[in-house]
Amino acid sequence: MKHGTIAAIEYYLPPDVLSTEHLAREFPEWSVEKIDKKTGIQNRHIAGPEECASDLAVAAARKLFASGACDAQDIDFVLLCTQSPDYFLPTTACLIQDRLGIPTSAGALDFNLGCSGFVYGLGLAEGLIATGQAENVLLLTAETYSKFLHPRDKSVRTIFGDAAAATWVRAIEGPTPSIGPFVYGTNGSGGPNLIVPTGAARKPRSEQSGIAEEDGRGNVRASDNLFMDGAEIFNFTLEAVPQAVDALLVKAGLAMPDIDLFVFHQANQYMLEHLRKRIKLPVEKFVVSMAQCGNTVSSTMPIALKAIIDENRLESGMTVMLVGFGVGYSWGATLVRWMA
Amino acid sequence: MTRQEFLSAMDTLLELPAGTLTGAEPLDDLENWTSLAMVEYIALADTNSVKLSPRQVRDCETVDDLARLAKVQ
């Protein structure tokens, strides 16, 4: 039987950098030390005015092809996870197929998820491969949240960075999946706590929606801008993430010591450290890799995986737990038995 | 968690010199009672095995209210 395996990962960060020092100059009430301590982020990469999610995704994919891992001609399915598509329509993955020269016999689709997107993407890829619909899936995660942020909203400008990752999930023969099992979760009641309220069908943009107001905590935003209630999101993760970890271990018939590395969605360092302590995960098994790019939404986990590959921390045969959680609310967790 | 441990943790969280808070302080008067501080307070309550909603936290008016909510002894 065929299953999917993660064969290669590359990522792309746009060249413009927003440093913590720059943010501290913009928001003098927050020092560099304070921002660094609270977030663990030193630099965020920001897409240029003409740079869209597809541009970042194409750049990441080209890095993947240039590495020699695979070729555009090998790809028979493109999955793009993004919440900042180039257009409402056509599908951005279709445009990417054309730009990369992927065969027109390939399937391509966008799926709209944030921080849980990489896990869901792996689930979709495994499903496509296991059912014989694809052999070589190009899983792209690409986000330009920076375009949603108000320049005077320090609560989110300190956190989010733009990036894209390209992951090649290829088919292998074998009785046992290399990726899985999967645990998913959804709680749409949390939708209003991380949202861009206007600009789509429910509430189109208007003159009124562009008027910015201060929120009483020194942050300024309009309805057209991204709003995040950090306290609500934190509360959600305290509930959802430990349960997802436990549920995945039960489903896999494993215990915590069987997991070699834990790669969670890199939301912010403070939240990650609290979760690590709460779930009692050893420091040496818990991957934190966000200082130089910030919270890149669905790209945080593939970027962290690539970082530990490059550090030679990830060896063939290791079992890695991936847990994504956030906007929606949506969450997902899976195990990857590393084979690359 | 004892009351003293809680007040000491809140001093740190609010970037105040150790021993500053007595509990009577109105939250609106505390410069560093920000959304980030609220997250850290929720984490502090979580270490005391108390699950809170941000709405409950926003209803608090003083540091003593936060202590009661976090079930501090």
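This briefing describes the contact between two chains and several local packing features of one of them. The model is predicted: local features need pLDDT of at least 70, side-chain atom pairs count only at pLDDT 80 or more, and totals for chains, interfaces and linings use all residues. Residues are numbered from 1 along each chain as its sequence is written, chains are lettered from A and ligands numbered from 1 in the order in which they are written, and side-chain values use heavy atoms, with hydrogens and water left out.

**Interface of chain B and chain A**

- About 1,600 Å² is buried between chain B and chain A, 53% of it on carbon and sulfur atoms; buried area is the accessible area (1.4 Å probe) that two parts lose on being put together, summed over both.
- Of the area that chain B buries against chain A, 29% is supplied by Leu36(B), Val39(B) and Asp46(B), more than by any other three residues.
- Chain B contributes 20 residues to the contact and chain A contributes 15 residues, where contact means heavy atoms within 4.5 Å.
- The rule finds 3 salt bridges across this interface, a salt bridge being a side-chain nitrogen of Lys or Arg within 4 Å of a carboxyl oxygen of Asp or Glu.
- Arg58(B) and Asp229(A) meet through their side chains in a salt bridge, at 2.9 Å from N to O.

**Elements and composition on the chain B side**

- Helix 2 (35–47) and helix 3 (54–58) of chain B are the elements that give two or more residues to the side touching chain A; helices (H or I, at least four residues) and strands (E, at least two) are DSSP runs, numbered from the N terminus.
- Helix 2 of chain B provides the largest share of that side, 9 residues.
- By class, the side of chain B that touches chain A has 9 nonpolar, 5 polar and 6 charged residues. Ala, Val, Leu, Ile, Met, Phe, Trp, Tyr, Cys and Pro count as nonpolar, Asp, Glu, Lys and Arg as charged, and the others, Gly among them, as polar.

**Aromatic pairs**

- The whole structure holds 11 aromatic pairs over all chains. Rings of Phe, Tyr and Trp (its six-membered ring) pair if their centres lie within 6.5 Å; planes under 30 degrees apart count as stacked, over 60 as edge-to-face and the rest as tilted.
- Tyr145(A) and Phe160(A) pair edge-to-face, with 5.0 Å centre to centre and 65° between the planes.
- Tyr145(A) lies in the loop between strand 6 (136–143) and helix 6 (154–157) of chain A, and Phe160(A) in the loop between helix 6 and strand 7 (163–173), so the pair ties together parts that are 15 residues apart in sequence.
- Both Tyr145(A) and Phe160(A) are buried (buried means under 20% relative accessible area, exposed over 50%, partly exposed in between; 1.4 Å probe, protein chains only).
- Phe182(A) and Tyr184(A) are stacked because their ring centres are 5.8 Å apart and their planes at 20°.
- Phe182(A) is buried at 13% relative accessibility, whereas Tyr184(A) is partly exposed at 41%.
- Tyr120(A), Phe182(A) and Tyr184(A) form one aromatic cluster.

**Buried helix residues of chain A**

- Ala60(A), in helix 3 (residues 53–66) of chain A, is buried with a relative accessible area of 0%.
- Beyond four places in sequence, the residues that Ala60(A) touches include Glu10(A), Tyr12(A) and Ala165(A).
- Ala60(A) and Glu10(A) are 50 residues apart in sequence, yet 6.0 Å apart in space, C-alpha to C-alpha.
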